[in-house]
Amino acid sequence: MATVTTEIEIASSFPAEKVYKAFKDFENVAPKVNPAVFKSIETLEGNGGVGTVKLFTFGEVVPFTHGKYKVDAVDESSFSYSYTFFEGDNLMGILDSITQHVKVIPSGEGSIYKHTIIYNCKGDEKPSEEALKAEKEVYEQTFKAFEAYVAANPQLY
């Protein structure tokens with residue numbers, strides 16, 4: 001079984017606490033700031049903590065319709081959150097799962113957003129370079145849209 005890993009790292013002028021708080025509200029904010037990618041995100045079971053299952057319904061610019069993920073770990077003190085997509089057409093028929101680790105690291109007055117995506121392949125077939133690049137760009141664009149949302153709504157974060 002092959003794995004493919006993609007790393008995303010973005011510097012932010014916002015403190016780690018604000019960035020993490022906004023990220024924890026992903027299911028509400030993402031469809032507002034990037035509806036072409038994230039049509040909706042709903043909780044199917046759980047309260048947001050470990051074991052919670054959520055359903056992503058993707059927007060019109062994404063070549064997939066949906067994906068289910070389960071929250072693997074939440075660590076408020078280190079601003080980290082991990083989850084694994086285990087079902088949906090976003091697995092492209094070639095993946096067992098997609099594990100994602102998000103960590104926000106304090107850095108001076110701001111922070112660094114780190115996002116690691118691990119594609120766990122069923123066999124030797126891997127996602128194309130184009131697909132990996134497109135997904136990375138989506139997360140980078142979404143993060144920048146989140147920053148703009150936080151800046152426009154400072155009372156929320």
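**Close-ups of cavities, sheet and helices**

**View 1. The largest cavity.** The largest cavity here has a volume of about 140 Å³, and the model it sits in is a predicted one. The count comes to two cavities of 30 Å³ or more. Around the largest cavity you'll find Phe14, Val19, Ala22, Phe23, Phe26, Tyr113, Tyr139, Thr142, Phe143, Phe146, Glu147 and Val150. By class, that lining splits into ten nonpolar residues, one polar and one charged. Helix H1 (16-24) and helix H3 (129-152) each put in at least two residues, and H3 gives the most, with six.

**View 2. The second largest cavity.** Next up is a space of about 90 Å³, the second largest cavity. Its lining is made by Phe23, Lys24, Phe26, Glu27, Ile41, Lys54, Phe56, Tyr69, Tyr81 and Tyr83. Seven of these lining residues are nonpolar, none polar and three charged. At least two residues come from each of H1, helix H2 (26-33), strand S3 (53-58) and strand S5 (80-87). Look out for Phe23 and Phe26: they line the second largest cavity, and they turn up in the lining of the largest cavity too.

**View 3. The seven-stranded sheet.** Reading across this open sheet, the seven strands go S1-S7-S6-S5-S4-S3-S2, and the pairing is antiparallel. Strand S1 (3-12) and strand S2 (38-45) are the edge strands, each with a single partner, so one side of each has no neighbour in the sheet. From one strand to the next, the twist averages 20 degrees.

**View 4. S3 against S4.** Here we zoom in on one pair of strands. S3 and strand S4 (residues 66-75) run antiparallel and pair over five bridges. Lysine 54 stands opposite tyrosine 69 of S4. Both Lys54 and Tyr69 are also among the residues lining the second largest cavity.

**View 5. Helices on the sheet.** H1 packs on the sheet and touches S1, S4, S5, strand S6 (95-107) and strand S7 (110-121). The direction of H1 makes about 150 degrees with that of S6. H3 lies across S1, S2, S5, S6 and S7, and runs at about 25 degrees to S1.

**View 6. The buried residues of H2.** Which residues of H2 are buried? They are Phe26, Val29, Ala30 and Pro31. What covers them includes H1, S2, S3 and H3.

**View 7. The largest pocket.** About 350 Å³ of space lies in the largest pocket. There are 21 residues in its lining, and Val62, Pro63, Phe64, Glu135 and Val138 lie nearest the centre. The lining has 18 nonpolar residues, two polar and one charged. S3, S6 and H3 each bring at least two residues to the pocket. H3 gives the most, with six residues, and six is also what H3 supplies to the largest cavity.

**View 8. Glutamine 155, past the end of H3.** Glutamine 155 is found in the segment after H3. Buried or exposed? Its relative accessibility is 61%, so it counts as exposed; the cut-off for that is over 50%. Between the C-alpha atoms of glutamine 155 and valine 4 there are 39 Å, with the two residues 151 apart along the chain.

Notes. Residues numbered from 1 in each chain as written. Predicted model: local features only at pLDDT ≥ 70, side-chain atom pairs only at ≥ 80, totals over all residues. Heavy atoms only, no water. 1 Å grid on protein atoms, 1.4 Å probe; cavity = no way out; pocket = protein on both sides within 12 Å on 5 of 7 lines; lining within 4 Å. Points joined across faces, edges and corners; volume = space filled by probe spheres on them. Helix = DSSP H or I, 4+ residues; strand = E, 2+ residues; numbered from the N terminus. Nonpolar A, V, L, I, M, F, W, Y, C, P; charged D, E, K, R; others polar. Pairing = 2+ DSSP bridges. Axes fitted to C-alpha atoms, helices over the stretch in contact; angles between N-to-C directions. Contact = heavy atoms within 4.5 Å. Buried < 20%, exposed > 50% of the residue type's maximum accessible area, 1.4 Å probe, protein only.
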